[in-house]
Amino acid sequence: FFIRGECRQLAVKNGIAFITAREQALYIIDVHDPYHPALICHYDTIELATGICVVDNLLLVAQRQYGVEIIDISKVDQPRHLCRVKTSEAQSVTAANGYMYVGDWGVRELTTIDIHDPARPFIVHQNKLGGFGDGVHVSGRYLYASTGHHAKTLSYPARETDEGYGMGHGMEIYDLLDPAAPAFVARVQFPKLYKWVKYDMWNVSVSGNLAFCADTHNGVFVVDIEDKTKPVVLGHYQTLT
């Protein structure tokens, strides 16, 4: 089958893939047999579907200025809208310990939302990021946030001659000892970059003591996070020139 739209993010659980496709919303696909994926259903989200996360029988879908839509997938072939929580500009989302963490883009924030009662979510905390907010990932008691575009000291829209132009690229580490109030630990800075492209995405994934950061035209950075207070870039793979 053919997926329409701009595929943005993917989450897989128990042989089911959930794919966001911006204006074409959400696809739910059976991938138990990876050679013969089968469409289960298509769900029309509230706005442009971007970030995605699966938690138990809930699907969390980030939808820019409309915040995050929470969808009941207890019947995966009959997804049901549960509620929506408004944030500034939700790009990516993850969850752990009864809390949802959102990378809010233009306002450069990490937004923490209580979802212990998923039908009544509410914002409990906001952290200012060093750049525009996007990818978020929780591993153990730490949260990792990817940022892009311009430094937080720079107003937007920006000019190339402005100080901090293109300097918002990096990854930040937060301690979730108190999961309702992430505490900043450290930040690693990536090279200056600003070039508008259609797929302007920043994301992060963690395995062991390594963080892998997708940084659009900058490529992929591998970061040593063994010492959470001093993350160090180990390598860089340039995907595009």
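Tutor: Helices (H or I, at least four residues) and strands (E, at least two) are DSSP runs, numbered from the N terminus. This is a predicted model, in which local features need pLDDT of at least 70, side-chain atom pairs count only at pLDDT 80 or more, and totals for chains, interfaces and linings use all residues. Residues are numbered from 1 along each chain as its sequence is written, and side-chain values use heavy atoms, with hydrogens and water left out.

Student: How many helices and strands does the protein have?

Tutor: The protein has zero helices and 20 strands. Arg 64, for example, lies in the loop between β6 and β7, and Arg 22 in the loop between β2 (16–20) and β3 (26–30).

Student: What is the phi of Arg 64, and is Arg 22 buried or exposed?

Tutor: Arg 64 is a residue other than glycine, yet its phi is positive, near 50°. Arg 22 is not a glycine either and has a positive phi of about 50°. As to burial, buried means under 20% relative accessible area, exposed over 50%, and partly exposed in between (1.4 Å probe, protein chains only). Arg 22 is buried because its relative accessible area is 15%, whereas Arg 64, at 23%, counts as partly exposed.

Student: How should I read a nonpolar core?

Tutor: In soluble globular proteins, nonpolar side chains tend to be buried together. A nonpolar core is a set of buried Ala, Val, Leu, Ile, Met, Phe, Trp, Tyr and Cys residues joined through side-chain atoms within 4.5 Å. Here the largest such core has 15 residues, and Leu 60, Val 68 and Val 93 are among those with the most contacts inside it. At least two residues of this core come from each of β6 (58–62), β7 (68–72), β8 (80–85), β9 (90–96) and β10 (99–104). A second, separate core of 14 residues includes Phe 18 and Ile 52.

Student: Which residues does Val 93 contact?

Tutor: Contact means heavy atoms within 4.5 Å. Leaving aside neighbours within four places in sequence, Val 93 is in contact with residues including Ile 52, Leu 60, Met 100 and Val 136.

Student: Where is Asp 72 found, and what does Asp 72 touch?

Tutor: Asp 72 is found in strand β7 and is buried, with a relative accessible area of 15%. Not counting residues up to four places away in sequence, Asp 72 touches Asn 57, Leu 58, Gln 78, Pro 79, Arg 80 and Leu 82.
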